[in-house]
Amino acid sequence: MYQFIIATHGLFAEGIKNSIEIILGKFENLSTLSCYTDSNFNLKKEIDEILKKYNNKEVIVITDIFGGSVNNLFMEKIPLNKNIHLITKLTFSIKFTWRTRKLFNSRRINSKFYGNFIRCS
């Protein structure tokens, strides 16, 4: 099963996860990374901890802003971590559509990936 991580600036990730859970219920394989919510936040450290925790799973990271610091630091990790896939330009409709297609419980992804990176328009 895939591990989905919603990683955004501020608390946007938590809001998206909360909305999904209200509509569809809770998912064991969905977590969040709310970045820059306090002055001691260290994005590189948080990403390294995530990669260590899920090193034996396929990880799909969904970020909010293409070219933003959160997206860029995850992009830097892709060459060394073939199990990471990155999707950017997060909206609630993206997450909701995927769930209705049962992607969260799927073992295969039927979308086209461009290497380990997808940019949603």
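The model is predicted: local features need pLDDT of at least 70, side-chain atom pairs count only at pLDDT 80 or more, and totals for chains, interfaces and linings use all residues. Residues are numbered from 1 along each chain as its sequence is written, and side-chain values use heavy atoms, with hydrogens and water left out.

## Fold

The chain has four helices and five strands. Both are DSSP runs numbered from the N terminus: helices are H or I with at least four residues, strands are E with at least two. From the N terminus on, the order is β-α-β-α-β-α-β-α-β.

Of the 121 residues in the chain, 46% are buried. Buried means under 20% relative accessible area, exposed over 50%, and partly exposed in between, with a 1.4 Å probe and protein chains only.

## Nonpolar cores

A nonpolar core is a set of buried Ala, Val, Leu, Ile, Met, Phe, Trp, Tyr and Cys residues joined through side-chain atoms within 4.5 Å. The largest one has 18 residues; Leu-33, Leu-43, Ile-47, Val-61 and Phe-74 touch the most other members. Six elements each supply at least two residues of this core: strands S1 (3–9), S2 (30–35), S3 (59–63) and S4 (84–88), and helices H2 (43–53) and H3 (69–77). H2 gives the most, with four residues.

Leu-33 has contacts beyond four places in sequence with residues including Ile-5, Ala-7, Phe-41, Leu-43, Ile-47, Ile-50 and Phe-74. A second, separate core of twelve residues includes Phe-4, Ile-6, Ala-13 and Leu-90.

The structure holds two aromatic pairs. One of them joins Tyr-36 and Phe-41 edge-to-face, at 5.2 Å centre to centre and 65 degrees between the planes. Rings of Phe, Tyr and Trp (its six-membered ring) pair if their centres lie within 6.5 Å; planes under 30 degrees apart count as stacked, over 60 as edge-to-face and the rest as tilted. Tyr-36 is partly exposed at 40% relative accessible area, whereas Phe-41 is buried at 17%.

## Salt bridges

There are three salt bridges. Each has a side-chain nitrogen of Lys or Arg within 4 Å of a carboxyl oxygen of Asp or Glu.

| Pair | N to O distance |
|---|---|
| Lys-17 and Glu-21 | 3.9 Å |
| Lys-26 and Glu-21 | 3.5 Å |
| Lys-77 and Asp-48 | 2.8 Å |

Lys-17, Glu-21 and Lys-26 are linked in a network. Lys-17 and Glu-21 are four residues apart in helix H1, so about one helical turn separates them. Glu-21 counts as buried, at 19% relative accessibility. Lys-26 is exposed, at 70%.

Lys-77 in helix H3 and Asp-48 in helix H2 are 29 residues apart; their bridge links distant parts of the chain. Lys-77 is partly exposed at 23%, and Asp-48 is partly exposed at 38%.

## Surface

The chain exposes about 7100 Å², with carbon and sulfur atoms supplying 50% of it. Areas come from the Shrake-Rupley method with a 1.4 Å probe; for residues, only the protein chains shown count as cover.

Ile-22, Ile-23 and Leu-24 form a nonpolar surface patch of about 280 Å² accessible area together. Patches are made of residues with over 30% relative accessible area and no salt bridge; like charges are joined within 9 Å, and nonpolar side chains (Val, Leu, Ile, Met, Phe, Trp, Tyr) within 5 Å. Ile-22 lies in helix H1 (residues 12–24) and is exposed, with a relative accessible area of 66%.

Definitions and conventions. Contact = heavy atoms within 4.5 Å.
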